[in-house]
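Here is a short report on one protein chain. It starts with the whole chain and then turns to its parts.

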Amino acid sequence: MKLTLITALLLAPLAALHAVDKPSTASKPNIIFIVADDMGNADTGFQGCKDIATPHLDALANSGVRCTSGYVSHPFCSPTRAGLMTGRYQQRFGHENNPLFNREDTVAGLPLTETALPKLLRDAGYATGWIGKWHLGAAARFHPLKRGFTDTFGFLGGGHQYFADKLTKPDEEYFTPLERDGAALEVTNGYLTTMFGNEAVAFVERHARGPFFLYLAFNCPHGPLQAPEDYLKRVSGSITDKKRRVYAAMVMAQDDAVGTLMAKLTELNLEEKTLVCFISDNGGPTGYMSNGSSNGALRGGKFNVYEGGIRVPFVLRWKGTLPAGRDYDEPLISLDLTATALALAGGEAVKPLDGVNVIPFLRGEKSDAPHEALFWRSGGGVLYAVRSGAMKLVRRKDAQLELYDLGADIGEQRDLAAVKPDEVKRLEALRVNWNAELVPPLFPPLVHEPDGDGPIENRPPKQP
């Protein structure tokens, strides 16, 4: 009896230390990822936009931290989402292209060798919700419910009609039925962006006691360009370009949906208990694929690895924990959001993460750079980029290496490769070492640009 008591007394301090390492469920914050789709870098007020009103997103940025050198891990849709769901460069597991929408294809999707963030958060005691666009495989094995989500509402493909009365061709990707928890829904009215906002509010209401993780993945403002008449009227007199006018109306509808969600957090007294993160999945598309978006002073857009393709609006807000109204300029990447969420939840990664917990950096508790370098590869090696400090290397197939000083030339107009050969050598060595850790794409690109400048999305979106 005495031995048992002594043993218990000796073990008690160790148990207490272990309890400190693992936050209790009550102390864990709620976590919300909001992802826009094909949104231009310069198309919110907090990024300097003058012709599109985004008061709710602006309020989010003004009450949180705006990461002015915030990047995604890929210049187009599905690979970025694969990186976000794993916290790992998606080229490590072959998810480098957009999958063709095919419910029978058991290869084209987020590989089952990867454990997705919602599974890890669910294991840590979280309710996990996906709302919106999936685009990580259409086969049953890739379904959100199989990857750790407890509540689901949305569509599985890469694009969708916005008005419910157009959902008439269930065998085609942009017309697939919406579904809730794996069951197809009969929806006869409504606008998709608004629906997603309302579903997000309902999820928060259901799980207000927390902790919860919500992945709100809008397909807005990805094509097809469709907006409700009341939003079109709000911009009819201020924007003359027809395509940008519809785009602007779509962005404003998304802003209102975000505002509805933020209002619910306020109503339920959850603002100080919830980390909210907002990004776009890539820069706005340009050229014949343009949706009317603007990347401002940045070069290029969706599908390439210049700044316009990979630098995006990037905000984190956690009232009372993160400073309000701060700009943070050290380079961050969307993979960091995954690592941050897992750290806050007290979860454990199954494989090494490429992201880092950014909270200590944003709070000023760490003053060094979160990353020595950030990397991009597209098309299995058609395009590469490396950023280290202010210097960025771009490598295009069959073209000379390019070097830019982003601190002085954010528009990537002055190629310094010829005058800074040592920097080219340094960054190219980083790229080669990183590339050696990667695997070839698991599934092929669906279409290539004829000039070899990188893979493009599966096809131009079908217009109504």
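Of the 464 residues in the protein chain, 57% count as buried. The model is a predicted one. The chain holds eleven helices and 18 strands. Its accessible surface is about 18,400 Å², and carbon and sulfur atoms supply 53% of that. Among contacts with a separation of 6 or more, 70% link residues 24 or more positions apart.

**The sheet**

Ten strands form an open sheet with mixed pairing. Their order is E7-E6-E5-E4-E8-E1-E9-E10-E2-E11. Strands E7 and E11 stand at the edges; each has a single partner strand, so one side of each lacks a neighbour in the sheet. Strands of a sheet pair through backbone hydrogen bonds, either parallel or antiparallel. E2 and E10 run antiparallel and are joined by two bridges. Here Arg66 stands opposite Val315 in E10.

| E7 | 183-184 |
| E11 | 326-328 |

Helix H3 covers residues 77-86. Ten of its ten residues are buried. They include Cys77, Arg81 and Met85. What do the buried residues of H3 pack against? Their partners are strands E1, E4 (127-133) and E8, along with helices H4 (117-123) and H9 (335-345). Just after H3 comes Gly87, with a positive phi of about 75°.

Terms used:
Residues are numbered from 1 along each chain as its sequence is written. This is a predicted model: local features need pLDDT of at least 70, side-chain atom pairs count only at pLDDT 80 or more; totals for chains, interfaces and linings use all residues. Side-chain values use heavy atoms; hydrogens and water are left out. Helices (H or I, at least four residues) and strands (E, at least two) are DSSP runs, numbered from the N terminus. Buried means under 20% relative accessible area, exposed over 50%, partly exposed in between (1.4 Å probe, protein chains only). Contact means heavy atoms within 4.5 Å. Accessible areas come from the Shrake-Rupley method with a 1.4 Å probe; for residues, only the protein chains shown count as cover. Two strands pair if DSSP finds at least two bridges between them.
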